[in-house]
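The exercises below are to be worked with the sequence and the coordinates open. Each task is followed by a solution in steps.

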Amino acid sequence: ASLPAVLAFVDELRNTVGDVEMIGRAALGSGVLRIDADTRVQRNVVERLRSRSDVFRHVVVLRAEPQLKPHLDVWGPLGDAGSLGASVKHALDPHGILNAGRGPV
């Protein structure tokens with residue numbers, strides 16, 4: 001339902017940032033956005049995506065330059081999914097040995 005808003009946002013990025021590529025699955029409501037710009041611009045774009053929670057429900061950074069990673073949370077805010085994920089992880093891995101210290105929960 002939000003595809004027109006997503007495409008408008010990507011067009012806006014192309015006009016301001018430059019080299020932007022999007023691959024998505026409209027039926028699933030998921031996609032990948034590649035932003036070829038300096039780290040300051042990339043951080044700004046991630047923050048803009050996350051500020052538009054009405055259009056982009058969850059924004060995760062899959063790959064980033066080492067200079068960018070310390071300046072943002074690659075998983076982003078989890079909302080209600082964080083406590084649910086932590087509960088499921090604890091139920092399946094009560095000793096916390098699987099994937100220890102990696103991932104959002």
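**Exercise 1. A strand and its partner**

In which strand is Ile 23 found? Identify the strand that pairs with it and describe the turn.

Solution. 

Step 1. The coordinates are those of a predicted model. Ile 23 belongs to strand β1, which covers residues 19–25.

Step 2. Strand β2, residues 30–36, pairs with β1 in the antiparallel sense, and the pairing runs over seven bridges. Within this pairing, Asp 19 has Asp 36 of β2 as its bridge partner.

Step 3. Four residues lie between β1 and β2, and the two strands form a hairpin. Gly 29, located in the turn, has a positive phi of about 75 degrees.

Step 4. Ile 23 also contributes to a nonpolar surface patch, together with Val 32, Val 60, Leu 62 and Trp 75. The accessible area of these residues together is about 470 Å².

**Exercise 2. The overall layout**

What pattern does the protein follow along the sequence, and how many of its elements are helices and how many strands?

Solution. 

Step 1. The secondary structure amounts to three helices and two strands.

Step 2. Taken in sequence order, the pattern is α-β-β-α-α.

Step 3. The C-alpha trace spans about 50 × 35 × 20 Å along its principal axes.

Step 4. The protein has 105 residues, and 20% of them count as buried.

**Exercise 3. The aromatic pair**

How many aromatic pairs does the structure hold? Classify the geometry and locate the partners.

Solution. 

Step 1. A pair of aromatic rings is described by two quantities, the distance of the centres and the angle of the planes.

Step 2. The structure holds one aromatic pair. Its rings are those of Phe 9 and Phe 56, with centres 5.2 Å apart and planes at 65 degrees.

Step 3. Planes over 60 degrees apart count as edge-to-face. At 65 degrees, the pair of Phe 9 and Phe 56 is therefore edge-to-face.

Step 4. Phe 9 lies in helix α1 (residues 3–16), while Phe 56 lies in the loop between α2 (39–51) and α3 (80–92), so the pair ties together parts that are 47 residues apart in sequence.

Step 5. Both partners, Phe 9 and Phe 56, are buried.

**Exercise 4. Salt bridges**

How many salt bridges does a search of the whole structure find? Work through three of them and state the exposure of the partners.

Solution. 

Step 1. The search gives seven salt bridges. Side chains of opposite charge can pair when their charged atoms come close.

Step 2. One of the salt bridges joins the side chains of Arg 34 and Glu 21, at 3.1 Å from N to O. This pair links distant parts of the chain, with Arg 34 in strand β2 and Glu 21 in strand β1, 13 residues apart.

Step 3. Arg 34 has 36% relative accessibility and counts as partly exposed. Glu 21 likewise has 36% relative accessibility and counts as partly exposed. Salt bridges link Asp 19, Glu 21 and Arg 34 in a network.

Step 4. Another salt bridge is formed by Arg 52 and Asp 54, whose closest N and O atoms are 3.2 Å apart. Arg 52 is partly exposed at a relative accessible area of 32%, whereas Asp 54 is exposed at 57%.

Step 5. Lys 89 and Asp 93 also form a salt bridge, with their closest N and O atoms 3.0 Å apart. Lys 89 is partly exposed, at 23% relative accessibility.

**Exercise 5. Asp 93**

Is Asp 93 buried or exposed?

Solution. 

Step 1. Asp 93 is found in the segment after α3.

Step 2. The cut-off for buried is under 20% relative accessible area. Asp 93 has 8%, so Asp 93 counts as buried.

Step 3. A polar atom of the Asp 93 side chain lies 3.2 Å from the backbone nitrogen of Ile 97.

**Exercise 6. Sequence separation and distance in space**

How far apart are the C-alpha atoms of His 58 and Pro 77?

Solution. 

Step 1. His 58 lies in the loop between α2 and α3, and at 40% relative accessibility His 58 counts as partly exposed.

Step 2. His 58 and Pro 77 are 19 residues apart along the chain, and their C-alpha atoms are separated by 7.8 Å.

Step 3. Val 61 lies in the loop between α2 and α3. With 14% relative accessibility, Val 61 counts as buried.

Step 4. Val 61 and Leu 84 are 23 residues apart in sequence, and their C-alpha atoms are 21 Å apart in space.

Technical notes: Residues numbered from 1 in each chain as written. Predicted model: local features only at pLDDT ≥ 70, side-chain atom pairs only at ≥ 80, totals over all residues. Heavy atoms only, no water. Patch = residues over 30% accessible without salt bridge, like charges linked within 9 Å, V, L, I, M, F, W, Y side chains within 5 Å. Areas by Shrake-Rupley, 256 points an atom, 1.4 Å probe, with all protein chains shown as cover. Salt bridge = Lys/Arg side-chain N within 4 Å of Asp/Glu carboxyl O. Pairing = 2+ DSSP bridges. Phe/Tyr/Trp six-rings, centres within 6.5 Å; stacked < 30°, edge-to-face > 60°. Buried < 20%, exposed > 50% of the residue type's maximum accessible area, 1.4 Å probe, protein only. Polar contact = N/O pair within 3.5 Å; in protein donor to acceptor, adjacent residues only side chain to side chain.
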